[in-house]
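Student: I would like to go through this structure term by term. Please set each value against its definition.

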Amino acid sequence: MVEVEDLYLPNSGQALSIRSFYSEVVMTTAFPPCQNRTDWKSLYAAAILETNKGVLPQRVSEAEAAVIARRREIFYAHGTPEEKEALEDALYALHAFTTAWQHSEAA
């Protein structure tokens, strides 16, 4: 008979007490915060101003990731309406920039 206090971990061959198992597991719905609340702005500017076509896709990708991360962060932290609008504008501009760049490459 298995004790209620023990939890067997099949892949490890170990049993943990439920108390220690739950003390090891932390669940959260929060997203990790941006390193700096303006990081996305500098990455966005670097992407938009990039002239080296070899580096451009990476710059745009980094900027998009930073904008999306900040959007998620302020979704839970209630950012200002101005910043929310700026993030939407930046994401739209990055998508438009990418589309224009891809079309110019194809031509």
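Tutor: Helices (H or I, at least four residues) and strands (E, at least two) are DSSP runs, numbered from the N terminus. W40 has its place in helix α2, residues 39-49. The protein chain has four helices and two strands, in the order β-β-α-α-α-α along the sequence. This is a predicted model, in which local features need pLDDT of at least 70 and side-chain atom pairs count only at pLDDT 80 or more, while totals for chains, interfaces and linings use all residues. Residues are numbered from 1 along each chain as its sequence is written, and side-chain values use heavy atoms, with hydrogens and water left out.

Student: Why is W40 called buried?

Tutor: Buried means under 20% relative accessible area, exposed over 50%, and partly exposed in between (1.4 Å probe, protein chains only). W40 has a relative accessible area of 5%, so the residue is buried. Of the 107 residues of the protein chain, 18% count as buried.

Student: Which residues is W40 in contact with, leaving aside its neighbours within four places in sequence?

Tutor: Contact means heavy atoms within 4.5 Å. On that basis W40 is in contact with A66, V67, R70, E83, A86, L87 and A90.

Student: What makes the pair W40 and E83 a polar contact?

Tutor: A polar contact is a pair of N or O atoms within 3.5 Å; within protein, one must be able to donate a hydrogen and the other to accept it, and residues adjacent in sequence count only if both atoms are side-chain atoms. The side chains of W40 and E83 are joined at 3.4 Å.

Student: What makes E83 and R70 a salt bridge?

Tutor: A salt bridge is a side-chain nitrogen of Lys or Arg within 4 Å of a carboxyl oxygen of Asp or Glu. For E83 and R70 the N to O value is 2.8 Å. E83 lies in helix α4 (residues 81-106) and R70 in helix α3 (residues 56-77), so the pair ties together parts that are 13 residues apart in sequence. Both E83 and R70 are buried. A network of salt bridges links R70, E73 and E83.

Student: How many salt bridges does a search of the whole structure find?

Tutor: The search finds four. Among them is R71 with E88, at 3.3 Å from N to O. R71 is in helix α3 and E88 in helix α4, 17 residues apart, and the pair links distant parts of the chain. R71, at 32% relative accessible area, is partly exposed, and E88, at 42%, is partly exposed as well.

Student: Which residues are buried in α4, and what covers them?

Tutor: The buried residues of α4 are E83, L87, A90, L91, L94 and T98. Their cover includes α2 and α3.
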